Amino acid sequence: MTTLSLVAGNCARGKGGEDRGFELLHRFSGKDVFAGELLGSSFTRANRIWSKESYRNISRNKFCIFAKIKKGKKYDYPWPDDMDPNISSGHLSYLSHFKPLTEKPKPVTLPFEKPLVDLEKKITEIRGMADETGLDFSNQIGQLENKYQQALKDLYKHLTPIQRLSIARHPNRPTVLDHILNITEKWVELHGDRAGYDDPAIVTGLGSIDGKTYMFIGHQKGRNTKENIVRNFAMPTPHGYRKALRMMKYADHHKFPIVTFVDTPGAFADLKSEELGQGEAIAHNLRAMFGLKVPVVTVVTGEGGSGGALAIGCANKMFMLENSAFYVASPEACAAILWKSSQAAPKAAEKLRITAQEHYRLKIADGIIPEPLGGAHADPAWTSQQIKNTIVESIKELENMNTEELLQHRRLKFRSIGGFQEGIPVEPNRKRNMKPSEINMPKAADIESEIEILKKKILEEKGPSDPITSQAIEKLKQDVDKEITSAFISMGLQEKLESVKLELSTASQNTPSQPLNPSLKEKVDKVMQEFNQNLSRPGAYLGLKQKLEKLNLVNGIIEMEERKKKLKAEINQKIPAELKAKMELLKNVEEKISKGETMDKDLIEEVEGVKKELVEILKAANLEVVGVAKKNVISAPPELKEKIEKVNKEIYEEIERVINTAGISRKIEDLKADIEKGSSSEDREKAQAKIKEEILATLDVEALKQKVENLTVELGLPKDSVTEDKVGVENGRF
């Protein structure tokens, strides 16, 4: 689109130096021509753009027109040129800005969850310590895990209102579009309020569940900071509510059931939104929703704030997720008004009765949708499935009503909210709903103390680990199989697993040599993906996770041993028979050395030659020789030990004599005193070097070296086998 701006005005000045102008609106050649702004104040203002010389050349009473052409943006269609008209499943991704995240969101631990997260890490650590020792602490660790699970369940069962609100606001909590894409077979997003704007804070579209079409409307939060800014943190403007109203009328006309999702802190309360009629847009939605002739179901997935939530929440049935919240004002705002400080938000949250449990008790909500342990973000797919089941059941119930009954049902739902009672006496000793007893409830501090006691016990009884036997591995595999089967049953995946097993066995019988069918492979991958998601939930299946890690470690060790055996067999095949005989000679020589027997020089030279020949053959067989290691002599006969001790004693006595006669002992005492005083390392190193030089200058090194060489010849060892081929202050022993 091209826009032509015209500035028309009287170039002459009137009385008082005022400039006069007017706007023209003209349509020419299919293009919109808009008049520009009036030349409002004086020619001084115009002179910022036009030079004084230009105005001198213009006649006083002449009518002038200035034109300026603005080039608009080319409209980009969202759908591709090669669109598939026969699409059978999935959502039309090119019509939606909602794309999969390139990076996995970072895990976020809420403040009240930190003690239990630390406990889980300590239990994992202590299990690893027990595995290293080889001792059986499975019973004690199992008891700790059971207590941890009990503490975890107790924590999420008795959450305070402000804690539930923090879960509802969790950064990783699934958004409305996440739920819609999980529960629909087909989905297409619809945009625009047909009044000039498409508010991204509210999403609308058509989707099918079990072949039936629904109109979905909901507040859309972002999955990261960038998306939250684009979505305005799910705070709609009047355009968003008018878009929702347009889609409701569209669904009402085509007889589509309406499902709305509420997850917003409230309507956007900026100056521009108020100028555009924020209150009027919300009020219009409230009035229109009570006249819709199709079933309307609302699901509160996160937080529902004030009229911004109610503008799409006037439904026949309203359901709330277990950790969602619905309020007239946020606890922080309420605390700031009543107690003049947002620090009183926990108290305000309790007084406001914002939780799903309170709304169900007060008959505002028609039901509570369960969440997995830890919140909806712990298992989004399972949560979406619960939402889907609730929607299908409630819509099926509402469709049995005729139009008049449906409208009356919606009106009566809201008219029955609240009320008062008169003339009913109050019981003097009325029993209140007391908090459950915490006497037998496991606490984090108690579990932590038990972990420390068990850790000390493991360290005290630490011993050599038992060798891995085939029976132990087989038992571990059986335990893992049993626990995996139990996990599939507890996750509700047993039927899917049995179905996939049956299809796999049928496929292998029909076409044993053919690869898996893509659709069957997709089913297997989907089942395993659900299993891995449930397994990765924090605090779930700790024993199974540990056993799987141990089994992977054992399989790695077994695989390494098999590779060693295979490599050894390959080397034996490549070594010729004559070299094997020479290798026997090497073994015999090593046995003699270990027994302390002496060898002549010819035998030593022959051994060295065999080693070199073996290295060359290994290189010729394309095997890389990393290095040649020398076996250490583990023990020696008693008579040789006596000789070694005698030589060592003579070396020590000679060094002691030199220290005493040369007056070095005084310097050594001074050095010790300096070390105790904390002298610098440089001064200490200099003093030590000076003392060593004086000792070496006085010591008869050659005589001591000759004694060591004579002992080496008696042992039958080569000279280079002696540790550091010298005798001195740093090497005063053989």
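Visitor: Let me start with a single residue. In which helix is Gly 307 found?

Guide: Gly 307 is found in helix α11, which covers residues 306-310. Helices here are DSSP runs of H or I with at least four residues, strands are runs of E with at least two, and both are numbered from the N terminus. Before we go on, this is a predicted model, where local features need pLDDT of at least 70 and side-chain atom pairs count only at pLDDT 80 or more, while totals for chains, interfaces and linings use all residues. Residues are numbered from 1 along each chain as its sequence is written, and side-chain values use heavy atoms, with hydrogens and water left out.

Visitor: Is Gly 307 buried, exposed or partly exposed?

Guide: The general idea goes like this: buried means under 20% relative accessible area, exposed means over 50%, and partly exposed is in between, using a 1.4 Å probe and protein chains only. Gly 307 has 22% relative accessibility, so it counts as partly exposed.

Visitor: And how far is Gly 307 from Ala 283 in space?

Guide: Their C-alpha atoms are 8.8 Å apart, and in sequence the two residues are 24 positions apart.

Visitor: Now helices. Which residues of helix α13 are buried?

Guide: Helix α13 spans residues 345-352, and Ala 345, Ala 348 and Ala 349 are buried there. Looking down the axis of α13, you find its buried residues within an arc of 100°, so they line one face of the helix. That arc is taken from the directions that run from the helix axis to the C-beta atoms. On the other side of α13, Glu 350 and Lys 351 are exposed.

Visitor: How do I read a salt bridge?

Guide: Side chains of opposite charge can pair when their charged atoms come close. The rule used here asks for a side-chain nitrogen of Lys or Arg within 4 Å of a carboxyl oxygen of Asp or Glu.

Visitor: How many salt bridges does the rule give?

Guide: The count comes to 14 salt bridges. Take Lys 388 and Asp 210, whose closest N and O atoms are 3.9 Å apart. This pair links distant parts of the chain, 178 residues apart: Lys 388 sits in helix α15 (residues 380-398), and Asp 210 in the loop between β8 (202-209) and β9 (212-219). Lys 388 counts as buried because its relative accessibility is 16%, whereas Asp 210, at 57%, counts as exposed.

Visitor: Which residue forms a salt bridge with Glu 303?

Guide: That's Lys 221, with the closest N and O atoms 3.0 Å apart. Glu 303 lies in strand β11 (residues 296-305) and Lys 221 in the loop between β9 and α7 (225-230), so this pair ties together parts that are 82 residues apart in sequence. Both Glu 303 and Lys 221 are buried.

Visitor: What about Arg 242 and Glu 280, where do they lie?

Guide: Their side chains meet in a salt bridge, at 3.0 Å from N to O. Arg 242 is in helix α8 (residues 238-254) and Glu 280 is in helix α10 (residues 278-289), so to speak two distant parts of the chain, 38 residues apart, linked by the pair. Arg 242 counts as partly exposed because its relative accessibility is 27%, and Glu 280, at 44%, also counts as partly exposed. Elsewhere, salt bridges that share partners join Arg 169, Lys 221, Asp 263, Glu 303 and Glu 332 into one network.

Visitor: Next, backbone angles. What is the phi of Lys 255?

Guide: Most residues other than glycine have a negative phi, and most peptide bonds are trans. Lys 255 has a positive phi of about 65° although it is not a glycine. Its place is in the loop between α8 and β10 (258-264), and at 55% relative accessibility Lys 255 counts as exposed. Arg 353 is another residue other than glycine with a positive phi, near 55°. You'll find Arg 353 in the loop between α13 and α14 (356-361).

Visitor: Last topic: patches. Which residues form the negative surface patch?

Guide: Patches are made of residues with over 30% relative accessible area and no salt bridge; like charges are joined within 9 Å, and nonpolar side chains (Val, Leu, Ile, Met, Phe, Trp, Tyr) within 5 Å. Accessible areas come from the Shrake-Rupley method with a 1.4 Å probe, and for residues only the protein chains shown count as cover. Asp and Glu count as negative, Lys and Arg as positive, and His and the chain ends are not counted. A charge is placed at NZ of Lys, CZ of Arg, CG of Asp or CD of Glu. Here Asp 674, Glu 682, Asp 683 and Glu 685 form the negative patch. Helix α26 (residues 681-698) gives the most to it, with three residues.

Visitor: And which residues make the nonpolar patch?

Guide: Ile 337, Leu 338 and Trp 339 make a nonpolar surface patch of about 310 Å². Leu 338 lies in helix α12 (residues 331-338), and at 55% relative accessibility Leu 338 counts as exposed.
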